[in-house]
Amino acid sequence: MRPGDLLVLLLAAVLVSYLYLAFWGPGTAGEYAVIHANGSEWQKVSLHEEHEWQVPGPLGTSTLEVRDGRIRFSDSPCQNKACIHSGWLSHGGEAAACLPNRISVQVIGRDRRYDSISF
Amino acid sequence: MILQTTREDHLIAWLTALAITIHLAESALPSPLPGVKPGLANIITIAVLVRFGWRVAAWVGVLRVLVGSLVLGTFLSPTFFLSFGGAVASIAILGLASLVPGRPFGPLGYSVLSALAHMAAQFGVAYYFFIPHAALLHLLPVLMTAAVIFGIVSGTIVAAMFRSSEKRC
């Protein structure tokens with residue numbers, strides 16, 4: 001192996017690690033979230049203020065909890081609790097929905113992690 | 001009329017035939033991702049560069065992609081532009097690298113440089129001409145990792161080839 005070869009390998013390692021950081025690194029944090037209920041926008045909520053939002057739906061009231069710049073469904077009257085299992089959302093573009101109770105939430109940030117999501 | 005051919009023409013023809021054979025054999029291998037393959041035909045390009053210089057290597061590199069695509073039926077298809085773009089970029093970077101004073105690179109360095117250039121150009125062509133979508137960028141780290149690994153493999157094979165041929169002589 002020549003000295004130049006070692007240099008090339010080092011540069012390649014640096015380049016590849018940089019690419020992983022640049023394209024696979026954490027997305028930008030969300031600024032606020034939009035809660036939809038019954039097909040229309042219910043409220044824009046800031047992710048910087050701790051709060052529990054009680055959102056009315058056809059089945060009853062769902063609770064969305066905002067803490068530490070994140071939001072999640074913490075309680076819901078639906079059966080399978082898929083919305084609660086979605087967990088905390090914090091990055092722009094992330095979303096969770098409670099279809100039975102017709103409530104959804106999407107985090108809005110500077111750039112979006114996903115264009116669209118289908119289930 | 002008989003075309004006058006030089007010794008160098010014959011050399012290029014022989015070496016290109018060798019590279020095309022590897023290229024064709026490799027195209028039969030399944031690939032997990034389009035654009036990802038070991039690029040073993042590059043072994044010939046690198047060996048030719050070290051042994052006969054950049055001019056011959058450039059001919060072999062370009063002719064291999066051209067003839068390979070004619071035989072496989074991908075000539076002028078997106079696949080062809082991807083691999084042609086890659087081949088041109090890798091030959092260009094090999095030209096630059098072999099001009100560096102003191103000739104600091106061996107087969108391994110040339111091979112990794114050329115694999116990186118090939119993959120980067122291929123990705124550029126795919127991104128700007130075929131799929132200009134940001135999601136494609138998420139593939140870039142994986143593709144470049146694959147390029148580095150295959151570059152190291154081919155480079156090591158070339159180095160081993162030279163070692164064993166030196167022993168025999």
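Q: What share of the contacts in chain A with a separation of 6 or more joins residues 24 or more positions apart?
A: The share is 34%, where a contact means that the C-beta atoms of two residues, placed from the backbone, lie within 7 Å. This is a predicted model, in which local features need pLDDT of at least 70 and side-chain atom pairs count only at pLDDT 80 or more, while totals for chains, interfaces and linings use all residues. Residues are numbered from 1 along each chain as its sequence is written, and chains are lettered from A and ligands numbered from 1 in the order in which they are written.

Q: What makes helix 5 of chain B mostly covered?
A: A residue is buried if 20 or more other C-beta atoms, placed from the backbone, lie within 10 Å of its own, exposed if 12 or fewer, and partly exposed in between. In helix 5 of chain B, 18 of the 24 residues are buried, so "mostly covered" follows from the definition.

Q: Which residues touch the most other members of the largest nonpolar core?
A: They are Ile44(B), Val60(B), Leu113(B) and Leu116(B), in a core of 45 residues. Helix 5 of chain B supplies the largest share, 12 residues. Such a core is a set of buried Ala, Val, Leu, Ile, Met, Phe, Trp, Tyr and Cys residues joined through C-beta atoms within 7 Å.

Technical notes. Helix = DSSP H or I, 4+ residues; strand = E, 2+ residues; numbered from the N terminus.
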